[in-house]
Amino acid sequence: MEWFGILDPMEVATLMFFALVTLVLLFLALSALVSVLGGAQFVRTPVELCFPLILELADLSPGDRFVELGSGTGNLLRYIQEQTGCHVHGVELSPLLAVRSWWKNRRNPYVTTELNHILRIDLGNADVVYCYLLPKFMAKLEHKLVREAKAGLRVISYAFPLPHQAPARVIPATSRRAALYLYIFEGRSA
Ligand SMILES: C[S@@+](CC[C@H](N)C(=O)[O-])C[C@H]1O[C@@H](n2cnc3c(N)ncnc32)[C@H](O)[C@@H]1O
């Protein structure tokens, strides 16, 4: 092409390098922005302090389906799958985090990650749902759960309660972690 004649190979390589860096930075910025606009920026649930408690609250039986809403990098998905053998599914809006989760768990067919918005998925066949989202999103989620939850669905939320549901159990906050809330749904409202 003509511009290859104008630019020397070093200039072409430099331009391509900066174009690539710009694309990567845009992808990272977009991924972070999407999380914030979607309902919660990425902050991890503390692993040692919370994962065993979540496992206990989930009380999974063989064949149960565990769904994490806003599954981040997929650490909890892997932990729950390895501890229980159940099928675990993550829903994540940020492309970067969804790709990381998929890559990390790609060899385990019982761990799946979906790039999607929480409010766009069907929760009707979930047995246990876990989330760590922001308060303003919890009301929307509650509305969805009331419509879609099957009888006996267990919902575990880290740090923020569902606004209008009475928890079946609360593990109180300590100085090192927030509270965990467990809800058990009676079934679809209509
Ligand atoms: C506070 S972080 C929790 C991450 C992970 N669940 C954990 O506990 O370590 C919230 C996650 O939800 C994702 N998220 C925010 N809004 C979302 C939406 N509407 N749909 C799907 N994921 C969303 C964010 O990208 C982020 O990864």
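This note goes through the predicted model in numbered points, from the whole chain to single residues.

1. Overall make-up. The protein chain contains six helices and seven strands, and, read from the N terminus, its elements follow the order α-α-α-β-α-β-α-β-β-α-β-β-β. The radius of gyration is 20 Å, well over the 16 Å that the globule rule gives for 190 residues, so the chain is more spread out than a compact globule. Along the principal axes, the C-alpha trace spans about 70 × 40 × 35 Å.

2. Burial and contacts across the chain. Of the 190 residues in the protein chain, 32% are buried. When contacts between residues at least 6 apart in sequence are considered, 64% of them join residues at least 24 apart.

3. Domains. The protein chain is divided into domain 1, covering 2–38, and domain 2, covering 47–184, and the centres of these two domains, taken over C-alpha atoms, are separated by 35 Å. Where the domains meet, six residues of domain 1 are in contact with six residues of domain 2; on the side of domain 1 that touches domain 2, three residues are nonpolar, three are polar and none is charged.

4. Helix α2. This helix, which runs over 9–38, has 30 residues and reaches 43 Å from its first C-alpha to its last, close to the 44 Å expected at 1.5 Å a residue. Because the number buried among the 30 residues of α2 is one, the helix lies largely in the open. The residue that follows α2 is Gly-39, and its phi is positive, near 155°.

5. The ligand. Which residues are closest to the ligand? Among the 22 residues that surround the ligand, the closest are Ser-35, Gly-38, Thr-45, Gly-70 and Gly-72. Both α2 and β2 (87–92) supply at least two residues each to this shell. Sorted by class, the shell around the ligand has ten nonpolar, nine polar and three charged residues.

6. Lys-150. This residue lies in the loop between α6 (135–148) and β5 (154–158). Lys-150 and Phe-17, by contrast, are 133 residues apart in sequence and 52 Å apart in space, C-alpha to C-alpha.

Definitions and conventions:
Residues numbered from 1 in each chain as written. Predicted model: local features only at pLDDT ≥ 70, side-chain atom pairs only at ≥ 80, totals over all residues. Near = placed C-beta within 6 Å. Helix = DSSP H or I, 4+ residues; strand = E, 2+ residues; numbered from the N terminus. Nonpolar A, V, L, I, M, F, W, Y, C, P; charged D, E, K, R; others polar. Domains from an automatic or database assignment. Contact = placed C-beta atoms within 7 Å. Expected span 1.5 Å × (residues − 1). Buried ≥ 20, exposed ≤ 12 C-beta atoms within 10 Å, placed from the backbone. Rg over C-alpha atoms; globule rule 2.2 N^0.38 Å.
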